[in-house]
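Hi,

Here's the structure I promised to pass on. Have a look at it first, then read on for what turned up.

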Amino acid sequence: MNDWIKKVSSIQNGMNNFPNLKQLMIQTLRLSYLFALLLFINSCKQPKKDVNQVEILDEHVLDRRVNEVVIDSLVREVYVPIYSDIYNQTRDSRTLLTATLSIRNTSIRDSLFVSKIDYYNTQGDLVRSYIDTPIFLKPMESIDYVIEQQDTSGGSGANFLIDWYSKKQLNPLFQAVMVGGLGAQAFSFTTDGLEVARE
């Protein structure tokens, strides 16, 4: 009889401990959830950027300048058409575009030197100069300059004039990409640079 009473008491004590066991399980689940969340957040972090990587800043300045004297006979000039806006249905209706000038060094061995990047409007007036001293692009490197959609200073006949040179024969690529939208439709097109005679 005494054994039976001890067993009943033991079961009752165990039943009384269930609330503590439930709380322990809830805390364990919370900690597991928190740990899983921390792992997920950590996995979503972007890898660290290389400290030596060169970034194109909003002011369009590379932190790499060329100290050597530019030899005029080596300099070549390229004209790149830009469409800051285009006509839509009538001459009075225009669609504003975002334009990106892309300068690409296509050489795998030699640097490309750029001594002038000037932006002109439809009337042929200089709007802005993007660099004041020569810069260089390493082999296979590219640089971009963006004319934002709200920037209407250029107009439909805007253009860039770019002066460049190299120590060896290069065939760099100068292009512009225009992006816009009409209603729900988005569109884009490109223009290529044209070499012109320097004056």
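**Aromatic pairs and the core**

Searching the whole structure, which is a predicted model, turns up 7 aromatic pairs.

Phe113 has 9% relative accessibility, so it counts as buried, the cut-off being under 20%.

Next up, Tyr130 and Tyr145. This aromatic pair is tilted as well, at 5.2 Å centre to centre and 50 degrees between the planes. Tyr130 is in the loop between strand E6 (126-129) and E7, while Tyr145 is in strand E8 (residues 142-147), so the pair ties together parts 15 residues apart in sequence. Are these two buried or exposed? Tyr130 counts as buried at 8% relative accessibility, and Tyr145 counts as buried at 0%.

The story goes on from there: ring pairs join Tyr119, Tyr130, Tyr145 and Phe160 into a cluster.

Tyr145 and Phe160 show up again in the largest nonpolar core, which has 26 residues. Along with Ile103, Val114, Ile117 and Ile162, they are the residues with the most contacts inside that core. At least two core residues come from each of these strands: E1 (76-82), E4 (98-104), E5, E7, E8, E9 (158-165) and E10 (173-182). As background, nonpolar side chains tend to be buried together in soluble globular proteins.

Cheers

Note on methods: Residues are numbered from 1 along each chain as its sequence is written. This is a predicted model: local features need pLDDT of at least 70, side-chain atom pairs count only at pLDDT 80 or more; totals for chains, interfaces and linings use all residues. Side-chain values use heavy atoms; hydrogens and water are left out. Rings of Phe, Tyr and Trp (its six-membered ring) pair if their centres lie within 6.5 Å; planes under 30 degrees apart count as stacked, over 60 as edge-to-face and the rest as tilted. Buried means under 20% relative accessible area, exposed over 50%, partly exposed in between (1.4 Å probe, protein chains only). Helices (H or I, at least four residues) and strands (E, at least two) are DSSP runs, numbered from the N terminus. A nonpolar core is a set of buried Ala, Val, Leu, Ile, Met, Phe, Trp, Tyr and Cys residues joined through side-chain atoms within 4.5 Å.
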